[in-house]
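Here is a short briefing on one protein chain. Look over the fold before reading the notes.

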Amino acid sequence: MTQIPNILKKLEGTSVYSTLLSIESSYERIEAEQGDWYKKSNFNCPSGCGSCCHGFEPDILEGEALYMAAWLLENQEFTARKIAEGEFPFSHEDGTCRLFKSDSPFHCSIYGGRPFICRLFGASSFRSRTGEKVWRPCKFYPEDYLLKHNPPLQKRQYSESETEIVIGAVPPLMSDMTGDASSSSNGETFLIHEILPQMIQRLLWLIDMNDNGNDNPNGTPSPAAA
Ligand code: SF4
């Protein structure tokens, strides 16, 4: 079920509509495949960790930023409008993502709208240089957490067959999960704080155009609006 029903309705017929559906469908696929991996492996991030957001701000595709903008407008409109003016809800001195909320259980203030990297971190596999599927336990997992696992996880990288043995399943392949979204854009990425304000402005402009009876806006706001 979509997390952005009202925004989708307001954007019907615009050029961003299919991008939003496509990104959401990739996110749903990640959730389903990771759900399967978590069930089979029974291996999760340590409760309340959030270390992967520290000192890090994701580089994201335009489509991911559009989805994030739509999710914010649907679920946190006041915050979305502030971000459109360049005012992010949090500021951290060490380069930590401006959407990171240290006192919340999930830490991410836009959990349902977070981008690919934040969904895949710690729960995905990738192809090594030789093309083999490999899995690395998240680099932030403490040594004692890995050693408490049965069997103890003593290596920092496992081949596909080793992962099956020690964990019971191989997590989804990162490139499979992001492939469709990457190929539908030119692959250029931007830091969240660089692109999110513009994307919220763009959606607000498109929504306004649709409300005013313009039935086929081309998705390219005027420079003043963008
Ligand atoms: S978007 Fe959310 S999960 Fe991703 S780095 Fe920012 S705060 Fe962390």
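How many residues does H3 have, and how far does H3 reach from its first C-alpha to its last? H3 has 14 residues and reaches 20 Å, close to the 20 Å expected at 1.5 Å a residue. The model is predicted.

**Overall fold**
- The protein chain holds nine helices and five strands.
- Starting at the N terminus, the order of elements is α-α-β-α-α-α-β-β-α-β-α-α-β-α.
- The radius of gyration is 19 Å, close to the 17 Å that the globule rule gives for 226 residues, so the chain is as compact as a globular protein of that length.
- Along the principal axes, the C-alpha atoms fill a box of roughly 60 × 35 × 30 Å.
- Of the contacts with a separation of 6 or more, 70% join residues 24 or more positions apart.

**Surface and charge**
- Buried residues account for 42% of the 226 residues.
- The chain exposes about 12100 Å², and carbon and sulfur atoms supply 49% of that area.
- There are 20 positive and 30 negative side chains. The centres of these two sets lie 5 Å apart.

**Helix H3 (62-75)**
- H3 is mostly covered, with 12 of its 14 residues buried.
- The buried set includes Leu66, Tyr67, Met68, Trp71, Leu72 and Leu73. Two acidic residues, Glu64 and Glu74, are also in the buried set.
- The cover over these buried residues includes helices H1, H2 (17-41), H4, H5 (116-120) and H9, along with strand E1.

**Helix H9 (192-211)**
- H9 has 20 residues and spans 28 Å from its first C-alpha to its last, close to the 28 Å expected at 1.5 Å a residue.
- Among its buried residues are Ile192, Ile195, Leu196, Met199, Ile200, Leu203, Leu206 and Ile207. Pro197, Arg202 and Asn210 are buried as well.
- The buried residues of H9 pack against helices H1 (5-10), H3 (62-75) and H4 (77-84). They also pack against strands E1 (59-61) and E5 (189-191).

- Thr163 sits in helix H7 (residues 160-167).
- Is Thr163 buried or exposed? Thr163 has a relative accessible area of 0%, under the 20% cut-off, so Thr163 is buried.
- Leaving out residues up to four places away in sequence, Thr163 touches Trp135, Tyr158, Gly168, Ala169, Val170 and Pro171.
- Gln157 lies in the loop between helix H6 (143-148) and strand E4 (158-159).
- Gln157 has a relative accessible area of 32%, between the 20% and 50% cut-offs, so Gln157 is partly exposed.
- Trp135 is 22 residues from Gln157 along the chain, and their C-alpha atoms are separated by 5.8 Å.

**Backbone points to check**
- The peptide bond from Asn150 to Pro151 is cis, with omega near 0°. Pro151 is in the loop between H6 and E4.
- Asn42 has a positive phi, near 55°, and is not a glycine. Asn42 belongs to the loop between H2 and E1.
- Most residues other than glycine have a negative phi, and most peptide bonds are trans.
- Asn42 has a relative accessible area of 64%, over the 50% cut-off, so Asn42 is exposed.

Conventions
Residues numbered from 1 in each chain as written. Predicted model: local features only at pLDDT ≥ 70, side-chain atom pairs only at ≥ 80, totals over all residues. Heavy atoms only, no water. Helix = DSSP H or I, 4+ residues; strand = E, 2+ residues; numbered from the N terminus. Rg over C-alpha atoms; globule rule 2.2 N^0.38 Å. Buried < 20%, exposed > 50% of the residue type's maximum accessible area, 1.4 Å probe, protein only. Contact = heavy atoms within 4.5 Å. Areas by Shrake-Rupley, 256 points an atom, 1.4 Å probe, with all protein chains shown as cover. Charge placed at Lys NZ, Arg CZ, Asp CG, Glu CD. Expected span 1.5 Å × (residues − 1).
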